[in-house]
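Subject: Structure handover and findings

Dear colleague,

Please find the structure below, followed by an account of what was found in it. I would be grateful if you would read the two side by side.

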Amino acid sequence: MIERKHHNSFLVERKKFAESIGKTDLYETIDSFPLFCGIKTLARVLSIVEIIKSSLDVPGHIVEFGSWKGSNLMLMAKTLMIHDPLSNKKVLGFEGFFGLDNFNDKDNDAKKFKGKYVGDYEMLMSLIKLFELEEKMSIVKGNILETLPDFLLKNQSCSFSVVYIDTDLYETTSLILNLTHERLSKGGFIVLDEWNFEEWPGESVAVREFLEKHYDRYEMIHNRNSEQPSLILKKI
């Protein structure tokens with residue numbers, strides 16, 4: 001609770017700071033990102049990089065569900081290019097680009113966030129082209145409840161080393177867990193972004209139901225030193 005209050009205070013103060021320095025050159029700011037980003041943001045970035053590095057020897061693609069603007073997706077792709085540029089591993093992103101939808105009663109009050117986190121498909125595709133990552137990345141646009149079953153049916157050879165779930169809600173989380181389970185290689189990771197968060201109960205319920213069926217196939221790992229991602233499941 002203390003950390004969350006501190007973070008909320010930081011969000012207010014950083015807005016004031018941004019207004020005080022006015023307009024700056026975009027890439028001058030980006031290239032100096034450790035100067036400007038919060039500790040919480042940096043901790044999350046470092047955690048995700050470590051997950052990708054830990055998965056390098058596990059066969060299969062890296063897939064993210066719920067990519068929003070594509071920040072995590074690009075982070076994982078660039079990390080893969082640094083540490084494993086010559087393999088056939090790819091980074092796949094499933095995103096609707098229409099904001100949160102598909103609410104279930106198990107999501108409780110999360111329904112108030114309907115429409116939040118709308119992505120920008122055109123900007124993301126432009127950035128993938130800018131960084132010449134077209135051969136390493138693929139975006140599957142549309143409702144995940146529809147696109148994931150169709151994708152798996154059409155791509156029978158596709159296996160995963162990392163399944164990153166950031167859809168927040170019960171129905172999508174449950175579907176992703178159950179459909180990717182058999183495609184996840186031994187030693188691979190399922191990563192949950194909002195597990196055990198009061199604001200997003202549906203994700204936790206979906207994970208609990210999944211582990212009731214597959215408790216002997218996964219090791220639950222606490223992610224140290226970063227609030228998010230909040231849970232890592234390692235396939236054993």
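Leu 26, Tyr 27, Ile 30, Leu 130 and Phe 131 make a nonpolar surface patch of about 470 Å². Patches are built from residues with over 30% relative accessible area and no salt bridge, where like charges are joined within 9 Å and nonpolar side chains (Val, Leu, Ile, Met, Phe, Trp, Tyr) within 5 Å. Accessible areas come from the Shrake-Rupley method with a 1.4 Å probe, and for residues only the protein chains shown count as cover. Helix 2 (residues 26-30) gives the most to this patch, with 3 residues. Leu 130 lies in helix 6 (residues 121-130) and counts as exposed because its relative accessibility is 52%. Here, buried means under 20% relative accessible area, exposed means over 50%, and partly exposed lies in between (1.4 Å probe, protein chains only). Helices (H or I, at least four residues) and strands (E, at least two) are DSSP runs, numbered from the N terminus.

The model is predicted: local features need pLDDT of at least 70, side-chain atom pairs count only at pLDDT 80 or more, and totals for chains, interfaces and linings use all residues. Residues are numbered from 1 along each chain as its sequence is written, and side-chain values use heavy atoms, with hydrogens and water left out.

Overall form

The chain contains 9 helices and 7 strands. Its radius of gyration is 18 Å, which agrees with the value near 18 Å that a compact globule of 236 residues would have. That radius is taken over C-alpha atoms, and the globule rule is 2.2 Å times the number of residues to the power 0.38. Along its principal axes, the C-alpha trace spans about 50 × 45 × 30 Å. Of the 236 residues, 47% count as buried. The chain exposes about 13400 Å², of which carbon and sulfur atoms supply 54%. Among contacts (heavy atoms within 4.5 Å) with a separation of 6 or more, 74% are between residues 24 or more positions apart.

Salt bridges

A salt bridge is a side-chain nitrogen of Lys or Arg within 4 Å of a carboxyl oxygen of Asp or Glu; by this rule the count comes to 9. One of them joins Lys 40 to Glu 227, with the closest N and O atoms 2.6 Å apart. Lys 40 lies in helix 4 (residues 39-54) and Glu 227 in the loop between strand 6 (218-221) and strand 7 (231-235), so this pair ties together parts that are 187 residues apart in sequence. Lys 40 is partly exposed at 25% relative accessibility, and Glu 227 is partly exposed at 22%.

Asp 166 forms a salt bridge with Arg 44, the closest N and O atoms being 3.9 Å apart. This pair also links distant parts of the chain, 122 residues apart: Asp 166 is in the loop between strand 4 (160-165) and helix 8 (170-180), and Arg 44 is in helix 4. Both residues are buried. Arg 44, Asp 166 and Asp 193 are linked in a network of salt bridges.

A further salt bridge joins the side chains of Asp 105 and Lys 111 (3.3 Å, N to O). Asp 105 is exposed at 62% relative accessibility, whereas Lys 111 is partly exposed at 38%.

A buried asparagine

Asn 143 is in the loop between strand 3 (137-141) and helix 7 (144-154), and it is buried, with a relative accessible area of 17%. Its side chain makes a polar contact with the side chain of Asn 102 (3.3 Å). A polar contact is a pair of N or O atoms within 3.5 Å; within protein, one must be able to donate a hydrogen and the other to accept it, and residues adjacent in sequence count only if both atoms are side-chain atoms. Leaving aside residues up to four places away in sequence, Asn 143 touches Phe 98 and Asn 102.

Backbone features

Most residues other than glycine have a negative phi, and most peptide bonds are trans. Tyr 117, although not a glycine, has a positive phi of about 70 degrees. The peptide bond from Gln 228 to Pro 229 is cis, with omega near -10 degrees, and Pro 229 lies in the loop between strand 6 and strand 7.

Yours sincerely
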